[in-house]
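Here is a protein chain to work through. Look it over, then follow the questions and answers below.

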Amino acid sequence: MLMKKCILLLLIFPYFLTAQKVIITDDDRQYWAYKPLEIPEVPHVEGNNWSKHPIDQFILRGLKKHNFSPAVEADKRSLIRRAYIDLIGLPPTAQEVEAFVQSNDPQAYEKIIDQLLSSPRYGERWGRHWLALVRYAESDGYRGDFYRPTAYKYRDYVIRSFNQDKSYQQFVMEQLAGDEIAPEDPEALTATGYFRLPIYEWNQRDAETHWETILQDITDVTADVFLGSGLQCAKCHDHKFDPILRKDYYALKAFFAPIIWRDDIHLETSKKLKLLKQWKEENRETLDAIAELEAPHREKAYKKAIIMFPDEVQDIMAKPENERDTYEKQIAYLVMRQGYHEWDRSSSKKKIKDKLAELKAKLTQKPTLSKGMTASDAGPTAPANKIPGSDKNILPGFMTVLYPKGADVNAKVTVPTKAPESTGRRTALAKWITNPNNPLTTRVIVNRIWQYHFGRGIAANPNDFGKLGEKPTHPELLDWLVEQFKQYEWRFKPMHKLIMMSKAYRQSSQHKNMAEYMNEDPNNHQLWRMSDKRLEAESLRDSMLAVSGELKQREKGGSSLAGKEPYRSVYVKVVRNEKDEFLNAFDWADSFASNAVRNVTTTPVQSLLMMNGPWVMKRSEALASRLIRNKKSSKDEIVKSLYSRAYGRYPSQNELSMSKEFIDNQQQFHQNRDSGLQKKTTHFAKMKNGLNAISSNGQNDFIHFLAEDVQMLTDGDFTIEAKVQLNAYHKEKNKMRMIASQNGKGDSISWALGIAGTQSKYLPGTLVLKLWDSKKSDYLISDLQLHLNKSYYIGVIADTNGEETTVKFFVKDYSSKNSPMNDFQTVTKKVMKNSGSHGSVVLFSDQKEKSLDAMIGELKLTRKALEPKDFMVNSSPTSNSSTLAHWHFASEKELLIDASKNGYHLQLLKHEIVSRDQAFKKAVADLCQVVFNSSEFLYVR
């Protein structure tokens with residue numbers, strides 16, 4: 001009984017909390033985050049022999065209170081690497097480090113800061129910080145997670161804005177209200193892509209709830225990013241800890257209530273838009289004809305989509321478009337996205353395909369104009385914005401705690417003159433957020449700048465300045481920095497320089513009293529040293545590419561790329577449910593919510609990726625190639641160059657000796673390993689039917705057999721016969737080669753006989769013949785499936801007639817004495833006529849990652865289309881004039897011998913066999929990988 005009462009109390013307790021009326025007091029308004037900004041005096045610290053820089057004065061005052069002293073200045077090599085990583089996210093080159101170290105110019109450090117701030121790489125680094133804050137992604141999320149091909153335009157806008165050192169006021173205004181303040185400016189319109197970042201489910205039928213979720217997401221992120229306030233906690237009731245009212249949440253949401261997503265806005269200048277208008281006028285008759293042709297079919301497709309929605313949504317869609325109010329237009333937008341999808345895949349569209357093509361052929365060349373994911377208001381009248389359970393319409397307003405008791409917190413909204421079809425609500429919000437008297441906005445962004453330089457904000461919870469977060473360690477310093485930010489016209493670059501020129505920033509990460517100070521201030525809140533920072537995922541990946549010499553730069557942005565491409569991580573595709581493996585392992589920003597502070601985890605997956613991951617191995621191999629380009633380079637020179645590139649310093653004598661010894665040991669290891677594999681690898685085996693066979697032994701170290709300079713099966717018909725046994729299916733979605741003929745020049749037809757892998761759309765083991773020439777390739781798929789551990793005879797006849805090739809597949813299962821010879825399928829394909837040339841015959845694949853585990857008991861290649869009665873399984877196995885090659889694999893001694901008169905003997909080709917030079921290169925790559933795994937590379941000191 002007592003337990004039931006406790007459970008009941010827990011269930012109804014939230015309602016008691018909801019019922020309590022939160023009263024905002026004067027004390028609440030004096031909380032550090034909400035009280036008006038004041039310009040503090042720069043403190044004067046007695047006995048200051050450290051620095052006169054204002055930042056340092058604030059820091060030193062705190063140090064003195066704890067009887068701490070600051071650390072000495074970092075050495076030049078550490079300092080330049082710190083500056084490079086902080087500002088552009090890339091390490092300095094060896095030459096840049098040496099130039100700085102050797103320079104006697106007292107302004108050398110300041111010049112480096114100026115140089116980095118003017119680099120286009122700066123925007124890529126600091127733009128990525130912002131993208132993490134606004135949960136930038138290029139896919140929808142949810143289960144479908146469809147890709148957004150034009151989302152990158154918002155990313156490029158952010159990068160450009162940072163490189164231009166755009167005023168933060170303008171930056172905020174453009175994102176929140178670009179369409180209202182500058183509707184003809186493509187840059188401002190692109191900025192509204194900020195509203196296109198929420199998660200979206202394209203086939204959600206509950207359109208009304210879905211739209212409400214989207215608006216709440218925009219409201220939540222806006223409060224987090226621009227105001228550092230967790231307003232979402234007041235979504236269901238007044239905030240339990242902070243002086244934030246429930247109506248404050250819905251008053252903020254009211255600014256976004258009229259918004260609608262736009263996919264039809266051209267991000268172009270008025271001059272280009274005139275060209276489009278002119279093109280439409282010139283092609284009006286044809287465009288009208290196309291619209292008339294499509295209309296009934298589109299209507300049919302749209303109806304098919306609309307009928308899937310609830311009745312109330314169908315009622316909205318039944319209204320004429322010009323009679324819908326703002327809210328109905330918003331819901332109709334979500335519905336019609338599904339309607340367009342239905343039209344794209346409709347059978348009706350396919351029926352009129354030819355007529356459409358005829359009409360479109362009449363159109364003149366259309367001007368190429370860019371579109372993107374943007375937003376605007378759905379109309380000049382905003383829809384109702386009600387708190388759930390209430391009929392009261394909540395108008396746009398500001399946080400009550402920021403205003404004196406009784407003051408009017410409602411927003412003064414006017415319709416923008418440049419966008420009369422908009423409400424002007426978002427302009428009013430943007431102006432309030434960027435008002436110099438707003439105590440939150442500038443504190444929040446200045447705190448973020450400090451955080452990205454020191455690893456921790458002056459206020460440790462950058463997205464939540466409320467009472468659940470930590471109080472600022474140096475509140476007066478924060479307000480002083482805010483005043484400087486305003487004097488710099490809200491620009492980032494002068495703030496970077498101000499912070500980085502301070503002695504506090506230039507401190508060493510080591511301290512003579514480290515143990516003592518760590519006991520009292522383990523988190524370095526008082527900044528008695530510079531804290532170590534592990535490279536963020538993007539900087540780690542980019543640094544490896546830069547050091548290995550592979551990094552390519554993009555000057556104008558553009559579509560995002562796969563992680564395997566050697567471009568900066570900011571350009572890697574951000575797919576919410578399929579993040580890049582390497583970046584995700586190292587705590588890449590979560591794209592589902594605002595990511596203000598990166599996690600810094602240490603996991604086994606990270607170690608495995610760094611030690612065994614193919615991506616890291618390739619970077620190590622590329623760096624090794626870069627280090628030993630000059631074959632005359634000594635081991636001393638290679639090791640010194642490696643340390644210089646990776647660490648910005650030369651190795652100590654002990655490090656040099658250990659590295660050289662490591663290279664020697666690894667070189668010997670690679671040579672011994674290869675030799676051992678050669679000795680223990682045997683390829684003579686017996687199949688289930690007792691037939692002698694040649695075997696791949698299931699090797700994963702890239703073993704195959706090759707007959708070179710073969711007059712291939714070309715210029716006519718041919719037959720392939722083999723006795724085979726599969727030991728394992730390959731985990732591959734493509735077709736695996738078992739026997740292949742290729743010339744390596746791409747100027748004649750070649751072929752490959754293989755099987756489908758376990759991830760293929762065909763059954764595993766399905767027998768496939770591939771024919772290809774210099775221009776195209778064709779798969780000829782049989783209905784034959786080879787099962788594991790069974791012995792089979794296979795016959796494949798290719799009968800070429802003009803430009804068509806008819807292929808017949810035959811099979812006999814040796815596990816059954818009465819198994820017939822079956823003609824499973826006849827397949828005809830048009831292929832280019834071949835010219836004939838010499839090439840090679842390959843067994844068991846010719847690609848390392850696709851090595852096939854199988855046995856071949858006999859193989860015969862014939863230059864004509866045999867009759868089945870002439871197959872080697874039905875007749876004498878002797879060769880004739882049409883025989884190209886015949887391998888019996890009769891004994892281990894004669895394993896690779898061609899019994900035909902042509903003498904095309906097989907040879908073992910094992911790509912892991914390395915020369916001494918190759919072993920040396922592998923050893924250097926191993927050392928490079930060790931360096932990439934070291935703390936000195938992974939951390940900024």
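Q: How much accessible surface does the chain have, and what share of it belongs to carbon and sulfur atoms?
A: Accessible areas here come from the Shrake-Rupley method with a 1.4 Å probe; for residues, only the protein chains shown count as cover. The accessible surface comes to about 44000 Å². The share belonging to carbon and sulfur atoms is 50%.

Q: What kind of model is this, and how are residues numbered?
A: This is a predicted model, where local features need pLDDT of at least 70, side-chain atom pairs count only at pLDDT 80 or more, and totals for chains, interfaces and linings use all residues. Side-chain values use heavy atoms, with hydrogens and water left out, and residues are numbered along each chain as its sequence is written, from 1.

Q: What percentage of the residues in the chain is buried?
A: Buried means under 20% relative accessible area, exposed over 50%, partly exposed in between (1.4 Å probe, protein chains only). The chain has 941 residues. Buried residues make up 54%.

Q: How many helices and strands does the chain have?
A: Both are DSSP runs, numbered from the N terminus: helices are H or I, at least four residues, and strands are E, at least two. The count is 31 helices and 19 strands.

Q: Is lysine 860 buried or exposed?
A: Lysine 860 belongs to strand 16 (residues 854-862). Histidine 886 is 26 residues away in sequence, yet 4.3 Å away in space, C-alpha to C-alpha. Lysine 860 has 3% relative accessibility, so it counts as buried.

Q: How far apart in space are alanine 752 and valine 768, C-alpha to C-alpha?
A: Alanine 752 is in strand 9 (residues 750-756). Its relative accessibility is 5%, so it counts as buried. In sequence, alanine 752 and valine 768 are 16 residues apart. In space, the distance is 8.1 Å.

Q: Where is aspartate 206?
A: Aspartate 206 counts as partly exposed because its relative accessibility is 35%. Its place is the loop between helix 10 (186-191) and helix 11 (207-227).
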